[in-house]
Amino acid sequence: MRVTDMDIAEVVALVNEWGTEPCRVDGRAPRPGPELTALADELHPIFATTDPTTRARLVTTLLQVTDVRPELAPDLAESWTVQDPAQAGRAAAALALRHHLAEYPGRLGLCADDQCADVYVDASPAGKRRFCCLTCQNRARAAAFRRRRAQNRA
Ligand SMILES: [Zn+2]
């Protein structure tokens with residue numbers, strides 16, 4: 001069965017909307033679909049780790065589990081196949097991560113706000129993104145400001 005890369009933004013949405021941890025920390029119920037939740041939970045650590053070696057190992061394991069294989073299409077375009085159609089979704093996500101990381105090493109992450117476990121892709125020019133969204137960034141800034149003010153008073 002032919003497999004094409006999932007869009008990397010779709011991988012992020014899958015992890016955040018179906019993942020156990022992002023939903024638990026945010027007090028949401030994961031969207032229905034136990035298979036997607038299982039996949040989201042497999043993908044979450046790939047974003048959460050900051051160690052490139054661990055990240056590479058996790059993506060490699062994911063690719064191996066799906067048994068995704070390269071194939072040369074008749075038009076000589078790069079393409080990929082899996083034997084087991086049940087692995088197609090996992091393989092599409094694994095390929096998206098593999099291709100994204102090959103082009104933009106380290107450009108994945110877990111939101112730095114302690115009230116959030118959402119993941120993100122860092123497309124910022126400087127590659128220094130730390131939060132999943134502006135809401136989290138503003139909340140973390142406000143919390144840091146309150147902490148500093150409390151320390152100054154003490
Ligand atoms: Zn966040």
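From the N terminus on, the elements of the chain run β-α-α-α-α-β-β-α-β-β-α. That gives 6 helices and 5 strands. The model is a predicted one. Along the principal axes, the C-alpha atoms of the protein chain fill a box of roughly 70 × 35 × 25 Å. The chain has 154 residues, and buried ones make up 27% of them. Consider next the contacts with a sequence separation of 6 or more: residues 24 or more positions apart account for 52% of these.

Start with the sheet. Three strands form it, in the order S1-S3-S2. The sheet is open, and its pairing is antiparallel. S1 and S2 are the edge strands, each pairing on one side only.

Take the S1 side of the sheet. S1 covers residues 2-3, and S3 covers residues 78-81. The two pair in the antiparallel sense over 2 bridges. Here Arg 2 stands opposite Thr 81 in S3.

On the S2 side, 4 bridges join S2, residues 69-72, to S3. These two strands also run antiparallel. Pro 70 has Trp 80 in S3 as its bridge partner. Leu 72 stands opposite Glu 78 of S3. S2 and S3 form a hairpin with 5 residues between the strands. In that hairpin, Leu 76 takes a positive phi near 70°. In a regular strand, side chains alternate between the two faces of the sheet.

Now the helices. Two packed helices are described by the angle between their axes and the distance between the axes. For H1 and H3, the axes come within 8 Å and cross at roughly 110°. Angles of 65 to 115 degrees count as roughly perpendicular, and H1 and H3 are therefore roughly perpendicular to each other. The crossing of H1 past H3 is left-handed.

Which residues of H1 meet H3? They are Val 11, Leu 14, Val 15 and Trp 18. From H3 come Leu 36, Thr 37, Leu 39, Ala 40, Leu 43, His 44 and Phe 47.

Val 11 leads on to the core. The largest nonpolar core has 32 residues, and Val 11 is among those with the most contacts inside it, together with Ala 93, Ala 94 and Leu 95. Several elements each supply at least two residues of this core: helices H1 (8-18), H3 (34-48), H4 (52-66) and H5 (88-103), and strands S4 (108-110) and S5 (119-121). The largest share, 7 residues, comes from H5.

Ala 94 is then in contact with Val 59, Leu 62, Leu 63, Thr 66 and Val 68.

Follow one of those contacts, Leu 63. Leu 63 lies in helix H4. Is Leu 63 buried or partly exposed? It has 18 other C-beta atoms within 10 Å. A buried residue needs 20 or more, and an exposed one has 12 or fewer, so Leu 63 is partly exposed. Not counting residues up to four places away in sequence, Leu 63 touches Val 68, Ala 94 and Arg 98. Leu 63 and Arg 98 are 35 residues apart in sequence, yet 8.6 Å apart in space, C-alpha to C-alpha.

Technical notes
Residues numbered from 1 in each chain as written. Predicted model: local features only at pLDDT ≥ 70, side-chain atom pairs only at ≥ 80, totals over all residues. Core = buried A, V, L, I, M, F, W, Y, C linked by C-beta atoms within 7 Å. Contact = placed C-beta atoms within 7 Å. Pairing = 2+ DSSP bridges. Axes fitted to C-alpha atoms, helices over the stretch in contact; angles between N-to-C directions. Parallel < 35°, antiparallel > 145°, perpendicular 65-115°, else oblique. Left-handed = near helix turned anticlockwise from the far one by under 90°.
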